[in-house]
Amino acid sequence: MVKDSFTLKRHRMVEEQIRARGIHDERLLAAMRDIPRHRFVPTILSTRAYDDGPLPIGESQTISQPYIVAEMTDALKLSGTEKVLEIGTGSGYQTAILRGLAREVVTVERLHLLQTSAEKTLRELGIEDVRFRIADGSLGIPDEAPFDRIIVTAAAPGVPPPLFAQLSNGGILVIPIGGRWEQNLLRVTKENGKERKEFLGGCRFVPLIGQYGFPD
Ligand code: SAM
């Protein structure tokens, strides 16, 4: 099979940036090999899509570094049966990865332009069954709850109470918590209605803007 240069770069990205840093879930590695990340960045940046860092996607927002996408997805411990809520659709790249690994995905974005573009990209790639919403994701999506997994791809000052409330028992929430500029990645597991917290390491995300996030 002839592989184009993007495919080669993507395979190298998975080996050198993801597996080499300790992520060994073969389903996740396969999903990251499959999804064409260059389709989720502005055309002018497509040759940098497989670089080891975040990239701008317009509207002062970013597509996260590939390793961060992998780390957060790994932290969700997806087996394929879960209903997932993603907060911060952005480019839709993380959404596409989640869709390959979970049963159902609902994704929420506050900026119309990004949501429209993400929805178009996923449709062009034949990923049709994601539910897109425009809302303040810090409030969750009450009419779709409960969720087995919630992933927040923007930084919050604390765990938004509505998100914990919308998590099913045994469910997992992954969220960067801290200040506007630096955060710690937190995994919260709901055990008999109570929070069990694990800090997974430092990170840097754009802010979650909303009622339980930061002011605009
Ligand atoms: N997961 C994305 C990807 O793969 O491209 C990256 C997301 S980007 C780091 C964070 C996103 O969260 C931005 O698109 C931003 O507009 C969105 N966001 C910020 N506050 C939000 C809120 N309250 N509700 C929904 N989305 C929000």
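User: What span should the 13 residues of helix 5 (residues 112–124) have, and how far apart are its end C-alpha atoms?

Analyst: This is a predicted model, and the check runs as follows. At 1.5 Å a residue, helix 5 should span 18 Å, and its end C-alpha atoms are 18 Å apart, which agrees.

User: Which residues of helix 5 are buried, and which are exposed on the other side?

Analyst: The general idea comes first: an α-helix has 3.6 residues a turn, so residues three or four places apart point the same way. In this case Leu114, Gln115, Ala118, Thr121 and Leu122 are buried. Seen down the axis of helix 5, these buried residues fall within an arc of 130 degrees, so they line one face of the helix, whereas His112 and Leu113, on the other side, are exposed.

User: What do the buried residues of helix 5 pack against, and which residue with a positive phi follows the helix?

Analyst: They pack against strand 1 (55–58), strand 2 (61–63), helix 4 (93–101), strand 4 (104–109) and strand 5 (131–134). Helix 5 is then followed by Gly126, whose phi is positive, near 80 degrees.

User: Where does Asp51 lie, and why does Asp51 count as partly exposed?

Analyst: Asp51 lies in the loop between helix 2 (26–34) and strand 1, and Asp51 counts as partly exposed because its relative accessibility is 38%, a class that runs between the 20% and 50% cut-offs.

User: Which residues does Asp51 touch beyond four places away in sequence?

Analyst: Asp51 touches Gln17 and Pro66; Gln17 is 34 residues from Asp51 in sequence, yet the two are 9.1 Å apart in space, C-alpha to C-alpha.

Definitions and conventions:
Residues are numbered from 1 along each chain as its sequence is written. This is a predicted model: local features need pLDDT of at least 70, side-chain atom pairs count only at pLDDT 80 or more; totals for chains, interfaces and linings use all residues. Side-chain values use heavy atoms; hydrogens and water are left out. Helices (H or I, at least four residues) and strands (E, at least two) are DSSP runs, numbered from the N terminus. The expected span of a helix is 1.5 Å times one less than its number of residues. Buried means under 20% relative accessible area, exposed over 50%, partly exposed in between (1.4 Å probe, protein chains only). The arc is that of the directions from the helix axis to the C-beta atoms. Contact means heavy atoms within 4.5 Å.
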